[in-house]
Amino acid sequence: MKFALLVNEGPYQHQAADSAWHFARSALAKGHGISRVFFYHDGVYNGTRLGVVPQDERHIPERWALLAKEHGVDLVICVAAAQRRGILDAAEGRRHGKDADNLAEGFRIGGLGQLIESGIEADRLLVFGD
Amino acid sequence: MSTLHLINKSPFEKDAFDSCLRHALPGSAVLLIEDGIYGALRGTAPGDCLEQATEQQRYVLVEDLRARGFGPEALVTGVQLVDYDGFVDLAVAHEPVQSWL
């Protein structure tokens, strides 16, 4: 079965990102597919590559990136939510005249169209948030 | 197929739990995750409500129960424990999956 996930909360603040990741990992281990994880609202903070996490603690952005690398999960950050919160990929950074970008590897910037598409194409869309 | 309701909030903090139980149709399933697990504790008013909601299948995510310092003995009767694999199975068996955010 094909799942899509929507994550609406940032890492280390709310359990949503952890719950969604654990669900994704179990679903993949059981042979299901995760077609996309869409990060919206404060969920876009899951996609920063500048987070420095103590070594004995879970690194949430890297956990997501590993799912993308090993299972081809499409990690999409909402462009409008991301720009407001200072999450930019290289192209967006240049376009807005910023001197840096911070989107983590494995993530990409997208729009709500991708969320709607997931709702249509996936067998189930699960929402994790507050 | 019937709905899987996901509750992730404590009934002592928000009214998602009450709203869900009022709206959940017979035959649907309710899974308590995150702070939602507080709705299944024995000796509480929300726990009594959940115990009486016998027309729904009721589940608690064991990882989130354990993370909050509780075990199965703290739960009201009629509630089943599931792990994340069980969560996935429930999401497969039910459609849609409705989060009460």
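**Exercise 1. What percentage of the 101 residues of chain B count as buried?**

Solution. Start with the criterion: a residue is buried if 20 or more other C-beta atoms lie within 10 Å of its own, exposed if 12 or fewer, and partly exposed in between, with C-beta atoms placed from the backbone. By this criterion, 47% of the 101 residues of chain B are buried. The model is a predicted one, in which local features need pLDDT of at least 70 and side-chain atom pairs count only at pLDDT 80 or more, while totals for chains, interfaces and linings use all residues. Residues are numbered from 1 along each chain as its sequence is written, and chains are lettered from A and ligands numbered from 1 in the order in which they are written.

**Exercise 2. Describe the build of chain B, from its elements to its overall dimensions.**

Solution. Step 1: chain B has 4 helices and 5 strands. Helices (H or I, at least four residues) and strands (E, at least two) are DSSP runs, numbered from the N terminus. Step 2: read from the N terminus, the order is β-α-β-α-β-α-β-α-β. Step 3: the radius of gyration of chain B is 12 Å, close to the 13 Å of the globule rule for 101 residues, so chain B is as compact as a globular protein of that length. The radius is taken over C-alpha atoms, and the rule is 2.2 Å times the number of residues to the power 0.38. Step 4: along the principal axes, the C-alpha atoms of chain B fill a box of roughly 35 × 30 × 25 Å.

**Exercise 3. In what order do the strands of the open sheet of chain A stand, and which strands are at the edges?**

Solution. Step 1: the 5 strands are ordered E4-E3-E2-E1-E5, with parallel pairing. Two strands pair if DSSP finds at least two bridges between them. Step 2: strand E4 (107–110) and strand E5 (124–128) of chain A are at the edges; each has a single partner strand, so one side of each lacks a neighbour in the sheet. Step 3: strand E3 (residues 74–78) of chain A pairs with E4(A) over 4 bridges, and Leu75(A) is opposite Phe107(A) in E4(A).

**Exercise 4. Is Phe128(A) buried or exposed?**

Solution. Step 1: locate Phe128(A), which is in strand E5 of chain A. Step 2: Phe128(A) has 27 C-beta neighbours inside 10 Å, so it counts as buried. Step 3: leaving aside neighbours within four places in sequence, the contacts of Phe128(A) include Leu5(A), Val7(A) and Ala20(A). Two residues are in contact if their C-beta atoms, placed from the backbone, lie within 7 Å.

**Exercise 5. How many residues of chain B are in contact with chain A, and which element of chain B gives the most?**

Solution. Step 1: 12 residues of chain B touch 14 residues of chain A. Step 2: H4(B) gives the most to this side of chain B, with 6 residues. Step 3: the residues on this side of chain B divide into 8 nonpolar, 1 polar and 3 charged. Here Ala, Val, Leu, Ile, Met, Phe, Trp, Tyr, Cys and Pro count as nonpolar, Asp, Glu, Lys and Arg as charged, and the others, Gly among them, as polar.
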